[in-house]
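Got a model open and want a quick walk through it? Let's take it piece by piece.

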Amino acid sequence: MKDQQLDGRSYISLGLQGGGSFGAFTWGVLDRLLEQDEPGFDMISGASAGAVNAVVLTDGLAAGGRAEARVRLARLWQRVGHAVLAGGTVTAAAVEWARLAAPYQLNPLGFNPLRDLLADVDFERLRAQSPIRLLIAATRVRDGHPRLFREHEITLEAVLASACLPFLHHAVVIDGEAYWDGGYSANPPLRQLVVDTNAADILLVQLVPEMHEAVPQLSHEIAKRVREIGFNASLLREQEAVAELRRACEGQRLFRSELCRKLDGLRFHRIAAPEAIEGLAQESPLDTSWSFLQRLHQGGRAAAERWLEGWN
């Protein structure tokens with residue numbers, strides 16, 4: 001069922017989970033959604049790779065509409081897959097070495113390939129006239145709380161902070177505060193998205209596998225599963241925060257607040273990469289080989305196609 005806005009178009013809001021190279025699945029979902037005039041996008045919340053996709057999508061819309069957004073998303077992920085330093089598979093051994101040595105020793109100058117990948121984004125234009133409202137999450141190192149950057153606050157540093165894996169990159173300092181990957185605290189931000197959205201439909205694009213049948217044995221397998229649990233724990237907290245809002249509204253019978261009336265009609269949808277990509281739980285979100293990114297993109301497009309058939 002569609003949410004009809006005043007301009008006659010149908011709108012949704014998006015929650016884009018982070019998950020490293022699995023974000024190419026989200027690229028596929030967005031690529032398919034952008035092929036047609038509807039749905040429009042009211043708000044997008046995102047963390048990590050979800051934040052990167054959200055910002056590049058919004059920049060493309062501002063520059064030339066939906067067709068340009070598709071071009072820019074494709075260009076981003078092609079660069080990821082073919083970059084000399086950012087591309088290819090980051091091996092388990094390399095990750096373990098990074099954990100032992102820390103990025104401040106291995107990478108004293110703080111080189112971050114994502115900075116170059118986002119060089120084409122016009123952040124000044126986004127802050128002045130973003131066509132979509134944005135909520136980009138980063139995690140404050142000092143206390144672990146999320147910081148949500150809105151569209152008028154979006155900078156390159158804010159996106160780098162949202163995607164800052166601490167065992168690979170230096171913490172990103174903004175206004176004297178250090179930040180790590182937003183996936184640790186709000187992956188993606190849902191509660192604030194629910195409060196602020198004007199759309200009656202919210203679509204969550206989930207990347208990180210929730211279930212893992214086998215017990216990890218090797219050190220890199222254990223580290224990978226710990227990251228998955230952490231990233232999904234922040235999603236579960238956001239979902240519980242939304243559930244708390246609904247419970248608070250249950251006591252309002254006669255004089256219901258505007259938020260409670262909104263929650264009455266709000267519909268949640270989900271597209272999950274682990275359900276669409278066979279064997280995703282065994283894959284690495286650090287694998288940025290082009291063949292793997294293409295597989296994720298194709299899976300995202302197919303999953304979005306199935307969702308659209310039910311939504312239309």
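What follows goes from the strands to the cores, then to the aromatic pairs and one arginine.

First, the ground rules: this is a predicted model, so local features need pLDDT of at least 70 and side-chain atom pairs count only at pLDDT 80 or more, while totals for chains, interfaces and linings use all residues. Residues are numbered from 1 along each chain as its sequence is written, and side-chain values use heavy atoms, with hydrogens and water left out.

Start at strand β2 (residues 40–47), where eight of eight residues are buried (under 20% relative accessible area; exposed is over 50%, partly exposed in between, with a 1.4 Å probe and protein chains only). Helices (H or I, at least four residues) and strands (E, at least two) are DSSP runs, numbered from the N terminus. Strand β1 (residues 11–16) runs parallel to β2 and is joined to it by five bridges; strands pair if DSSP finds at least two bridges between them. Y11 has G40 as its bridge partner in β2. β2 also pairs in the parallel sense with strand β4 (residues 133–140), again over five bridges, and there A47 stands opposite A137.

Now for the packing. The largest nonpolar core has 63 residues, and L14, F25, F41, L57 and L296 touch the most other members. A core here is a set of buried Ala, Val, Leu, Ile, Met, Phe, Trp, Tyr and Cys residues joined through side-chain atoms within 4.5 Å. Helix α2 (residues 49–82) gives this core its largest share, 13 residues. A second, separate core of 14 residues includes L235, L245, C260 and L263.

On to the rings: there are four aromatic pairs, counted for Phe, Tyr and Trp (its six-membered ring) when the centres lie within 6.5 Å, with planes under 30 degrees apart stacked, over 60 edge-to-face and the rest tilted. F149 and Y179 are edge-to-face, at 5.9 Å centre to centre and 70° between the planes. F149 sits in strand β5 (residues 146–150) and Y179 in strand β7 (residues 177–181), 30 residues apart. W307 and W311 count as stacked because their centres are 5.4 Å apart and their planes at 15°. Both tryptophans lie in helix α12 (residues 290–311), four residues apart, about one turn of the helix.

Finally, which side chains does R270 contact? R270, in strand β9 (residues 267–272), makes polar contacts with the side chains of Q206 at 3.1 Å and E275 at 2.5 Å. Such a contact is a pair of N or O atoms within 3.5 Å; within protein, one must be able to donate a hydrogen and the other to accept it, and residues adjacent in sequence count only if both atoms are side-chain atoms.
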